[in-house]
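Colleague: Please take a close look at a single part of this model, the interface between the two chains. I would like the numbers together with the cut-offs behind them.

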Amino acid sequence: MNKSISIGAVVVLSSMLVACGSNPKQTTTQTATASGATVNPVTIDGVDDGTQIDPDSIAGRAPKERVIFFDFNKSEIRPEYLEIITQHGRYLAQNPTGRARLEGHTDERGTREYNIALGEARAKSIARMLQLQGVSSAQLRSVSYGEELPVDEGHNEAAWSKNRRVNIIYEVEVEVQN
Amino acid sequence: MFSKWFTHAKRSAAGKVVSALLGVMCLWLVGTSAAVAVIEIEITQGGESAIPIAIVPFGWKGGGAPPADIAGIVSDDLQRSGNFSPLNKEDLIGRPVSGDKPRFGNWRIAGAEFLLIGAIDKAGENYNVEFQLFDVSQQRLLSGFNFKVTTQTLRNAAHQIADEVYEEVLGIRGAFNTQIAFVSVEREGGKKSYKLQLADADGQNPQAMLTSPRPILSPAWAPDGIRIAYVSFENRNRSAIYVQDRQQGSRKKIISKAGINGAPSWSPDGTRLAVTLSFEGNPDIYVLNVDDGATRRITTSPAIDTEAVWADDDTLIFTSDRSGGPQLYEVSSSGGRAERITFEGNYNASASVSADGTNVAFVHGSDIGFQIGTFDRELGLFQTLTDGSLDESPSFAPNGQMIIYATELGGRETLGAVSLDGSVVQSLSLDTGGVREPAWSPFTN
């Protein structure tokens, strides 16, 4: 605004004030602006929290071990999980209409967006192994939540080790894509 | 000068804690929802070379209590900056109001280098707020204004007075009349409720602009201070970047490709977003036109590239682990060769650049966890400003003098703010849940 002009006027006034000791008469006017008084809120609800899986469906009969854990800041698969991933690979390859979502997660250490990338790298490590066993890329979907959805909210290694994971989630066979 | 701050417990024991419960003030603010959560600000460490200023309660000729404690708001603002040390109320040797001639000799003896007086007058439905700022030793009027305000903008007038004092005395534009965005997480029943909230820079007047049952991430202010970009996981299969107009309440899905849609950051001209996408294989930096959604790929490394921010129209600073651990790199906003800029330690990520492009704040990982570090791009100087173990998400105030960040106190997610020289630290917490991912607004007026 015309602030420099206003200040100039005040400087003149101030010398008058010192000179004659009279009360300063303010002639400068500035209107205060409200910062962000208006917020129009948006609420999201009715979010799908997962579909009920029929136990006799492909998803319902899939291997039951569905969580793979990782080392800190790593996306390499630990040897003890190779067998579990192989079971899923075989199952999905034998059931080509079956679909799985690989949800990558990290612990809380490190920055949030970097952890989104790390969680994706974990999900993709698993996806690559599954594809090596003949699973089609169309059967798989990777999504990373980074550190946003911990299973244990503690701030120690016991909690962190549980949070560094990929959840293999079988989906119902017909999915609406958007 | 760099001085480290103490742990929270030590700081409390030092008796320097000033606590302000701010919830009550929300009641008269029109348009806030009934269930406004209380945000508490604590000044946990004050500046050592703070300038003493006498801030006299503003005159009020109307009946009853004045409509706002303008002097109190100005005093809190200036104290939080760390640059000023307002005199205690009992040390105020007189109660001059606007128009009175101050007895400068007495104020000098009271220890004040500057003196702020003022008055509030009722003008129909509205108010006039006026003030005068004096240099005590020179016995001189430095500045004075007359604001016409409504009930809703009384606090803003106070913040603008604080801005004026700050700029007159320090020669730096004040950032008190600005806002912060942050994400809050509250638990309702067994479910989490995520809110993208906006509040005044002093934590007052928090308002949710988005409420979602699923995570919200990475809020980023457009230069206009009206649009905010963020990442939403409301679709469980795929993240998406939205741009929301906080005034209209309208939102637009900007991009939602397979893989990552993350880390939005506005170009200084407000037409483009730097984003992280991974649909072409692995996370890389892209620049996206907000109007037509057209994308241009900036990085192509097989490593993780993310968290790009604009240092100026032509330069991006981003995080990459191409050398092993995450480090900051600089690249032209039209692509090309990236150059590494951080070398201290093996974890430097999530940059925020001051508006003048001089200073970069970032998350610095060390043996004791994650702290906020800064890097002077001209001098190449690196320093660590905080000593938390999980400090993250730094964001510069628009005048570059403070950095707001996310931290943890007693197992609870809170926000911290630290001055650029590390000498003043404050924390801001929500009584009903955690707060994270702060983003300081640009100047909007």
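**Interface of chain A and chain B**

Strand 2 (residues 42-43) of chain A and strand 11 (residues 207-212) of chain B run parallel and are joined by two bridges. Strands here are DSSP runs (E, at least two residues), numbered from the N terminus, whereas helices are runs of H or I with at least four; two strands pair if DSSP finds at least two bridges between them. In strand 11 of chain B, Leu210(B) stands opposite Val42(A).

This is a predicted model, in which local features need pLDDT of at least 70 and side-chain atom pairs count only at pLDDT 80 or more, while totals for chains, interfaces and linings use all residues. Residues are numbered from 1 along each chain as its sequence is written, chains are lettered from A and ligands numbered from 1 in the order in which they are written, and side-chain values use heavy atoms, with hydrogens and water left out.

The contact (heavy atoms within 4.5 Å) involves 61 residues from chain A and 84 residues from chain B. About 6,200 Å² is buried between the chains, with carbon and sulfur atoms giving 52%; buried area is the accessible area (1.4 Å probe) that two parts lose on being put together, summed over both. Phe145(B), Arg236(B) and Asn237(B) supply 11% of what chain B buries against chain A, more than any other three residues.

Six salt bridges are counted between the chains, each a side-chain nitrogen of Lys or Arg within 4 Å of a carboxyl oxygen of Asp or Glu. One of them joins Lys192(B) to Glu153(A) (2.7 Å, N to O). On the side of chain B that touches chain A, strand 8 (residues 140-149) of chain B gives the most, with ten residues.
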